[in-house]
Protein chains: 2
Amino acid sequence: MAEFSIDRFVDLYAARTSGMSASEVRALFAVASRPEVVSLAGGMPFVQALPADELLQVVREVLEEHGSMALQYGGGQGALSLRTRLLELMAAEGVRADPDDMVITTGAQQALDLVGKIFIDPGDLIAVEAPAYVGALTAFGAYQPRYLQIDIDGDGMVVDQLEQAFIRGERPKFVYTCPNFGNPSGVTLSYARRQQLIALCREASIPIVEDNPYGMLRFEGDSLPCLRTLDPENVIYLGTVSKVFSPGVRVGWALAVQSVIQRLTLAKEAADLCGSSFMMLVTERYFSDQERWRTNLSTLVGVYRSRRDAMLDAVAEHFPEGTEWTTPAGGFYVWVTLPAWMDTRAMLAAAVERRVAYVPGSAFYPDGRGRDQMRLAFCYPPEDRIREGIQRLGALLEDETQLYRSLRP
Amino acid sequence: MAEFSIDRFVDLYAARTSGMSASEVRALFAVASRPEVVSLAGGMPFVQALPADELLQVVREVLEEHGSMALQYGGGQGALSLRTRLLELMAAEGVRADPDDMVITTGAQQALDLVGKIFIDPGDLIAVEAPAYVGALTAFGAYQPRYLQIDIDGDGMVVDQLEQAFIRGERPKFVYTCPNFGNPSGVTLSYARRQQLIALCREASIPIVEDNPYGMLRFEGDSLPCLRTLDPENVIYLGTVSKVFSPGVRVGWALAVQSVIQRLTLAKEAADLCGSSFMMLVTERYFSDQERWRTNLSTLVGVYRSRRDAMLDAVAEHFPEGTEWTTPAGGFYVWVTLPAWMDTRAMLAAAVERRVAYVPGSAFYPDGRGRDQMRLAFCYPPEDRIREGIQRLGALLEDETQLYRSLRP
């Protein structure tokens, strides 16, 4: 799928499709899915940790008790029982809300799409942290926004930059951020920055889109309050069970004030009528047993923590001088910044050749910056494979460095 | 949800949301879901006919044999095994295609949304049969098209009208039709009209979007070839398992030339990354046993045929003179045209009061025509309930007629 096929409809497509590209990176990832390649690219959760017999039991209960409902269409807002259950989970994180304030979506990805759909007219400005989750950029991109990129440092989004933009008169439709163990940065927004962001956006009446897929995957330290908790009215919170249960059920949600949820629900109905009742009821039932899901989650957190440690150790050992990287306190990703002359996009083919894959940094910036950066995911391969992959990547970086030096007298 | 809540973001929403309305009809349907109301409104399949033990067995096999895959993310195009299986089903209908020509979607509804997304710029013209499936109008409507409405008669879409429009110089982005037992018309596009439509659109290089959810629910007579079979290059075929298996799994698909499928896949990934691997594998496994699914399907067809008969008999008995209705040879719907002075939208509240619900005709026309029409669904209530509902509706129509006559000297 590296290039589009010859096309009889070429004059008929909408303008928004010009931003949808079948890139060469995509073609490389197809190659990278071969078993001999250590993939540090995809953010696939380690679903093998989920006991299959528990899941079968959950499905049996759903079919026996709610078979007709599971197999039928449901309302666009999603099963009430699931919304109630998810609020129970969020209450444990300090979030208070009513089931009416929630719409269930096909993963948090669909919530991103629907947020784009109800807020963005072509040419509208939106503010996004940079680097930002590539899937958010893709979802929003379909609605043809302009972007205000706000840098990330070790404390998360640099809110001062956003404030400067407001002072200049910029009025984005919303501000997008992934504040906990961000994708791809691995960085967490500090408490002081959270307060600053909340106050700034509230004052400006600009909603914040808080994307929080990784919040419950904390390896160490104390949780910080969600942005939604700090300002229930001005924050559109997006959640998902993909990382704490399974992405295969495709259950995510948006939590916001009624007026937003009503529009998201109408947009959801236009997009696919409703989610899978079957998968919603299975998800509800899975989370009905506190001990079950907390035990499984704590197993997962242990696995991911060990893998992060393995990756950080290997990066410290094998990456050349002048490399910088983040130290995530949770989540899936380490974000690497190489010497400025390096080009991770150009280098990807050589990496795959050496049987290791990553995501080039430029994918995470609307303006294509970040050619000297890369995202490394530690969530899926076991520790020895991670070490092997980082070693291969380190050797490549070393060779590239030698070559670069030999060409500069 | 009859009115939007007071809204702090009222100045921030995209222009496309102005067409998304929380209508009074919606509020009435909430009332109509009470058990004492006979709902002839919703097109809910009779999923109770599906043996729960068979389904549990299917799920068990999927979890035992492909557990990790079922719980994981998959590719945006959908599981290859499912695409291959669905092509087997379609081959039985005379459709030949390659799994690469298919993308799996969240029901056919998402395929409609994605077709809108890749083809429609604001203000673009699209041609739709009139009346047309309300969900198609909602999906396309989010992309702000203009509409060319093509009437339906007893042989389906009046293709001559489309030809006249082309002669006038109209150039729609695509032509949308539901050719088999159409929603809401119940009418089937004749063979001669199929050939005429295919030739006309091929000549004009305008793609046809063929929406075929009901094709396998034929009560009598012989099948006609799909438009896709008559012109594999120029037709975008949309299918779903919602009516032949279960809408709760949310599995539909689009079948088209590579260039279109590539763009639909990219749009799908932007919209929700991928469908539920779990539900895709369950669907694949369900249809792997020919005898199982054909037996269940034939049970369903028998049920729907009896319900159609019950509805047509009751309509003939209870509806006042001057009423016309269609006689569907399959599917879910009877389309009723009342005397021209009647207003089915205004009358709905009184109908719900009398414990019967339908969908007002105007919902199915972009320009809001059809106030003297209504859609009656015979798919869900048992025969005695259908007779009861039609009797109540007939009494209301009779009373309205008396009142109307008494006011006109």
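Tutor: Start with the sheet in chain B. Remember as we go that this is a predicted model. Chain B has an open sheet of eight strands, with mixed pairing. Read across it and the order is β2-β9-β8-β7-β6-β3-β4-β5.

Student: Which strands are at the edges in chain B?

Tutor: Look for strands that pair on one side only. In chain B these are β2 (102-105) and β5 (156-157).

Student: How do I read the pairing of two strands, say β3 and β6 of chain B?

Tutor: Look for the bridges, then the direction. Strand β3 (residues 125-130) and strand β6 (residues 175-177) of chain B run parallel, and two bridges join them. Find B:A127 and look across: B:V175 in β6(B) stands opposite.

Student: What is the strand order in chain A?

Tutor: Chain A also has an open sheet, of eight strands in the order β2-β9-β8-β7-β6-β3-β4-β5, and its pairing is mixed. Its edges are β2 (102-105) and β5 (156-157). Each has a single partner strand, so one side of each is left without a neighbour in the sheet.

Student: Do β8 and β9 of chain A run parallel or antiparallel?

Tutor: Antiparallel. Four bridges join β8 (residues 235-240) to β9 (residues 252-255) in chain A. For one pair, take A:T240: its bridge partner in β9(A) is A:G252.

Student: Now the two chains together. How is the size of an interface given?

Tutor: Often as the accessible area lost when the parts come together. Here chain B and chain A bury about 7500 Å² between them. Carbon and sulfur atoms account for 61% of that area. You can count residues as well: 83 residues of chain B are in contact with 83 residues of chain A.

Student: What relates chain B to chain A?

Tutor: A rotation of 180 degrees, with 0.0 Å of shift along its axis, superposes chain B on chain A, and the RMSD is 0.0 Å. That is the relation of a two-fold axis. The same surface serves both copies, as 100% of the contact residues of chain B recur in chain A.

Student: Why would charged side chains pair?

Tutor: Side chains of opposite charge can pair when their charged atoms come close. Over all chains, there are 44 salt bridges. Six salt bridges are counted between chain B and chain A. One salt bridge joins the side chains of B:D7 and A:R263, at 3.0 Å from N to O.

Student: What about A:E65 and A:R285?

Tutor: Their side chains meet in a salt bridge too, at 2.8 Å from N to O. A:E65 lies in helix α2 (residues 52-71) and A:R285 in helix α10 (residues 277-286) of chain A, so the pair ties together parts that are 220 residues apart in sequence.

Student: Last, the backbone. Which peptide bond of chain A is cis?

Tutor: Check omega. From A:N183 to A:P184 the bond is cis, with omega near 10 degrees. A:P184 is in the loop between β6 (175-177) and α7 (191-204) of chain A. In chain B, the bond from B:N183 to B:P184 is cis, with omega near 10 degrees.

Student: And what is phi of A:F181?

Tutor: Near 50 degrees, a positive value in a residue other than glycine. Look for A:F181 in the loop between β6 and α7 of chain A.

Key. Residues are numbered from 1 along each chain as its sequence is written. Chains are lettered from A and ligands numbered from 1 in the order in which they are written. This is a predicted model: local features need pLDDT of at least 70, side-chain atom pairs count only at pLDDT 80 or more; totals for chains, interfaces and linings use all residues. Side-chain values use heavy atoms; hydrogens and water are left out. Contact means heavy atoms within 4.5 Å. Buried area is the accessible area (1.4 Å probe) that two parts lose on being put together, summed over both. A salt bridge is a side-chain nitrogen of Lys or Arg within 4 Å of a carboxyl oxygen of Asp or Glu. Copies are superposed by least squares on the C-alpha atoms of residues with pLDDT of at least 70 in both. Two strands pair if DSSP finds at least two bridges between them.
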